[in-house]
Amino acid sequence: GFRYALYATLGATVFFSYSLYRELHPSKRIPQTPTFPNGQPKKTLVVLGTGWGAVSLLQSLDTTMYNVVVISPRNYFLFTPLLTSTPMGTVNLKSIVEPIRAILGRSKGDVKFYEAQAIDVDPAQKKILVRSAVGDKNNNGNESISGDLKLPDHGVKNISYDYLVVSVGAESTTFNIPGVQENAYFMKEVTDAERVRARILDNIEKASFLPVGDTRRKQLLNFLVVGGGPTGVEFAAELQDFVKQDLKKWLPELSKEVKISLVEALPSILNMFDQSLIDYTQTLLKHENIDLKLNTMVKKVTKNSIVASNEGKEVEIPYGLLVWSTGNKPRVLTQKIMSKLEEQTDRRGLLINDNLQLLGAEDSIYALGDCTFHPGFVPTAQVAYQEGRYLAKTLEALFKVEQIKWELDNNQELPTKKIVRLQKELSKHESSIVAFQYSHMGTLAYIGSEKAIADLNIAGSQYKLSGGPLLYWFWKSVYLTMCISLRNRVMVTADWINAYIFGRDSSV
Ligand code: FAD
Ligand code: NAI
């Protein structure tokens with residue numbers, strides 16, 4: 001045991017020191033140029049998005065091989081696995097975002113970034129239309145924003161590409177259920193978490209202003225979460241932790257009146273987990289006074305209540321805050337791309353082949369992450385991350401293939417020996433472009449009260465684990481490792497220590 005602890009500490013120290021060294025000694029970036037020194041034209045690679053898929057690609061890719069342009073309405077990467085910890089102040093929002101300029105600053109080649117959103121793609125002309133998103137802080141990639149009137153052409157411009165990577169993620173779905181968009185809060189973006197935080201704290205302050213027994217007070221403290229997927233469960237668990245560990249200290253009487261309910265249409269929550277882990281979580285949530293409303297499908301939302309069907313009966317449930325987390329739907333841009341290519345026959349997302357090439361535009365467009373649909377993959381960061389890394393390797397191999405082909409086509413006087421060598425290299429690089437293979441490491445979820453569940457896949461063996469505190473620490477260390485920068489790791493660790501010692505920050 002001691003030996004393993006020593007190895008782990010040594011490993012962590014080396015990793016930390018290396019990351020620190022890289023932060024303090026950034027390498028000089030090679031500028032973008034229209035051609036390489038040998039005259040070969042340098043291709044333009046446009047990447048849409050700054051989420052899991054795009055950032056994983058950008059971190060792995062040798063960015064000197066292409067003129068890389070990144071377009072996203074968000075000038076930062078968001079570490080979504082800890083988003084549900086932020087409304088209650090267990091972790092600060094700033095600790096789980098990483099500026100895209102900092103990420104791009106670590107790459108070998110210069111990368112251009114535009115804070116804009118792609119609003120259209122023309123696969124035939126290899127062009128995209130983008131619109132500036134500067135100053136629009138509610139901009140989450142949904143197409144409701146008008147251009148910046150102060151910029152030339154109202155902030156709209158065309159950008160040509162040789163290769164395009166679409167990694168625009170997805171939107172929260174409402175299934176077009178009436179009243180959801182107008183009344184519910186979501187849990188997907190930074191702005192969502194900020195709004196939920198402000199609303200919870202406001203509700204608590206408003207309720208404490210009203211006398212005990214007042215119906216309005218009761219309503220304000222009724223927190224309803226719809227969707228028993230991992231987002232809904234983790235958020236409900238974090239909220240209950242806050243009530244039990246912090247609110248109880250400040251407002252002991254009021255904390256007893258808080259009611260958290262989790263509404264799920266299916267007979268159980270967390271359906272991607274093993275049944276034993278589902279049972280464990282459901283028992284824990286019930287024990288922690290989270291009211292589980294299973295088999296309850298929401299049909300309509302009004303300003304103060306939801307109307308749902310439960311085993312054929314209609315039920316009305318009042319709420320003071322409604323958090324909606326029923327999964328994803330394709331973005332407007334994704335739908336536009338689908339409508340342009342007849343090969344795109346599924347409405348759930350972009351169809352791709354095994355090399356992540358977009359069906360109908362295989363020669364120039366790749367797509368990855370939540371904007372795609374693949375029956376074998378769940379839309380997770382894990383999939384998007386692995387796809388990003390795979391695509392970086394593929395694009396590097398593709399560059400080498402094209403480089404050799406260019407040399408062979410443009411040098412008539414090459415000695416035969418060199419031609420043979422180049423042809424050998426060419427076939428080596430061509431054969432290195434293989435199909436993407438997803439390797440599922442497992443799924444983890446925090447379920448509250450310092451307990452977690454884990455469905456792990458290690459070296460082909462399955463492990464179904466539940467409980468705490470060991471698993472809780474394992475969950476924390478996995479998420480720390482997954483953070484994409486040293487800065488994020490340091491800040492998240494500091495937040496956890498801070499919350500543990502001083503309690504969660506309850507100021508807006
Ligand atoms: P995203 O990460 O959503 O990135 C999309 C990017 O595209 C964003 O930068 C966006 O601003 C940008 N964009 C949008 N529209 C446009 C446009 N028109 N033009 C250009 N750019 C655009 N997965 C796990 O594996 N483990 C977890 O623990 C986990 N926890 C999660 C917790 C929460 C609360 C949520 C919401 C999700 C969680 N996920 C988790 C799922 C994971 O976050 C997604 O699967 C992942 O973000 C998908 O990556 P992506 O790159 O496809 O999309
Ligand atoms: P989800 O799709 O996983 O779950 C949504 C839930 O809402 C489902 O259980 C569904 O039955 C329920 N639902 C749908 N319509 C409903 C209605 N009208 N009334 C009541 N319930 C309804 O969505 P979620 O949790 O937002 O996750 C999105 C993706 O992100 C998933 O792929 C998930 O795996 C991933 N994720 C992973 C996490 C982890 O690994 N810890 C954490 C959070 C998200």
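A polar contact here is a pair of N or O atoms within 3.5 Å; within protein, one must be able to donate a hydrogen and the other to accept it, and residues adjacent in sequence count only if both atoms are side-chain atoms. The model is predicted, with local features needing pLDDT of at least 70 and side-chain atom pairs pLDDT 80 or more, while totals for chains, interfaces and linings use all residues. Residues are numbered from 1 along each chain as its sequence is written, chains are lettered from A and ligands numbered from 1 in written order, and side-chain values use heavy atoms, leaving out hydrogens and water.

Select ligand 1 and then glycine 51, where a backbone N or O atom lies 3.5 Å from an oxygen atom of the ligand.

Now show the whole shell of 29 residues around ligand 1 (a residue is near if one of its heavy atoms lies within 4 Å). Colour domain 1 (27–172 + 329–400) and domain 2 (180–325 + 441–502): both give residues to this shell, so ligand 1 lies between them (the bounds come from an automatic or database domain assignment).

Finally, select strand β6 (residues 127–132), which five bridges join to β7 in an antiparallel run, with arginine 131 standing opposite valine 156 in β7. Strands are DSSP runs (E, at least two residues), numbered from the N terminus, and two of them pair if DSSP finds at least two bridges between them.

Terms used: Helix = DSSP H or I, 4+ residues; strand = E, 2+ residues; numbered from the N terminus.
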